[in-house]
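Open the structure in your viewer and keep the selection tool at hand.

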Amino acid sequence: MKNHYAVIMAGGVGSRFWPISRTNLPKQFIDMMGTGKTLVQATYDRFRKIVPERNIFIATNESYADLVLQQLPKLTPNQLILEPIMRNTAPSIAYASHKIQQLNPDATIVVAPADHLILETDEFVRNIVKGLNCAASNDWLITLGIKPSRPDTGYGYIQYGKSASVPGFKKVKTFTEKPNLELAKTFLQSGDFLWNAGIFIWSAKSIIAAFDKYQTEMNDVFKEGDDVYNTDREAKFISGAFVRCVNISIDFAVMEKADNVYVLPADFGWSDLGTWTSVYELAEKDYLGNVASSSENVIVYDTSNCMIHTPKDKLVIIKGLHNFIVVQSDDTLMICPQDQEQGVKQVVADVKDKFGNKYI
């Protein structure tokens with residue numbers, strides 16, 4: 001295990017969970033499922049079963065540094081991969097890879113989002129360990145693919161081809177961003193497509209070599225810092241490095257270009273918790289199909305299949321609503337049909353345009 005490392009990506013703002021998720025407290029730092037743990041805490045606890053605690057790193061915006069250390073008090077400041085500005089996932093992963101390689105040239109790394117739900121932890125652990133062991137002896141860029149249960153248009157898809165030399169792994173043929181419904185149905189029927197979970201496994205050597213090949217300028221930026229990582233000069237170097245990087249995801253930057261990409265099909269009760277509806281689908285419901293975050297203070301009449309998330313100290317009366325999302329924070333109430341929640345990001349943009357950052 002000493003060569004195994006985890007990088008938990010915790011830098012997003014979670015705008016689709018507005019108005020609960022705000023810029024100063026995005027969804028990864030909230031107990032979205034009522035488990036008693038925030039999403040980043042639950043993710044950290046999963047990886048403690050896989051890698052030594054000292055080998056777990058959190059990649060996030062530097063404005064969330066104190067929040068991360070409050071929620072994960074066993075972390076040291078050197079375990080934070082702090083982004084001075086938002087530049088998507090590729091620069092953060094390049095930074096983390098170089099930093100970890102300076103600690104351990106033989107490192108194998110799993111990169112995973114902080115805000116996903118995993119229902120079957122033991123199966124998750126088994127798959128991640130299998131991937132890490134494989135990456136230690138193969139020059140592969142590994143991604144985990146989830147066996148699809150429905151033609152979902154909210155996920156990216158991975159098409160796989162022939163079986164690899166290591167049992168269980170498949171060679172990746174194509175990546176497809178969120179498809180339309182007809183295409184998603186075709187993918188499901190073909191049987192050789194998986195949901196892209198955004199979980200990656202590789203050795204530090206392999207991913208840095210891939211950055212050097214496909215994102216040479218970005219790799220050169222972070223290579224310049226190889227003698228300052230894990231020292232008191234690191235933060236100053238990084239503040240200048242990110243400005244020089246393009247805004248690009250790891251998928252576009254490397255994974256869709258590389259020819260040594262393999263997928264491990266998996267099924268461990270995964271959800272990316274991307275929308276209120278995804279929370280609704282996973283939560284416990286009453287006999288009318290309603291989900292209420294504080295059910296003791298919510299009274300419903302002629303109401304069914306609603307997602308209700310309101311403060312525990314508020315009495316909420318709802319009558320005559322069906323298939324709606326009702327979300328209230330301290331200063332904002334949003335009521336939206338479930339089938340129109342994809343428009344929440346536009347709502348947030350409109351609110352920002354009208355009121356500035358006051359409600360964002």
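Buried means under 20% relative accessible area, exposed over 50%, and partly exposed in between, with a 1.4 Å probe and protein chains only. This is a predicted model: local features need pLDDT of at least 70, side-chain atom pairs count only at pLDDT 80 or more, and totals for chains, interfaces and linings use all residues. Residues are numbered from 1 along each chain as its sequence is written, and side-chain values use heavy atoms, without hydrogens and water.

**Whole protein**

Show the cartoon. There are 11 helices and 17 strands; helices (H or I, at least four residues) and strands (E, at least two) are DSSP runs, numbered from the N terminus. The C-alpha trace spans about 60 × 50 × 35 Å along its principal axes. Of the 360 residues, 54% count as buried.

**Helix H3**

Select residues 89-103. At 1.5 Å a residue, the 15 residues of H3 should span 21 Å, and the end C-alpha atoms are 21 Å apart, which agrees. The expected span is 1.5 Å times one less than the number of residues. Which residues in H3 are buried? They are Ala90, Pro91, Ser92, Ile93, Ala94, Tyr95, Ala96, Ser97, His98, Lys99, Ile100 and Gln101. That makes H3 mostly covered, with 12 of its 15 residues buried.

**Largest pocket**

Now select Arg16, Asn88, Thr89, Asp115 and His116. Of the 40 residues lining the largest pocket, these lie nearest its centre. On a 1 Å grid over the protein atoms alone, a pocket is an open set of points with protein on both sides within 12 Å along at least five of seven lines; a cavity is a set where a 1.4 Å probe fits but cannot get out; lining residues have an atom within 4 Å of a point. The largest pocket holds about 1400 Å³ of space. H3, E4, E9 (193-203) and H9 (250-255) each supply at least two lining residues. E9 gives the most, with 4.

**Second largest pocket**

Move on to a pocket of about 460 Å³. Its 19 lining residues include Asp31, Met32, Gly34, Ser293 and His309, the closest to its centre. Strands E12 (291-292) and E14 (307-309) each supply at least two lining residues.

**Cavity**

How many cavities of 30 Å³ or more does a search of the whole structure find? It finds 1. The largest cavity holds about 50 Å³ of space. Select its lining: Thr43, Arg46, Phe47, Ala112, Pro113, His116, Ile118, Phe124, Ile199 and Trp270. H1 gives the most to this lining, with 3 residues.

Key:
Grid points are joined across faces, edges and corners, and a volume is the space filled by probe spheres set on the points.
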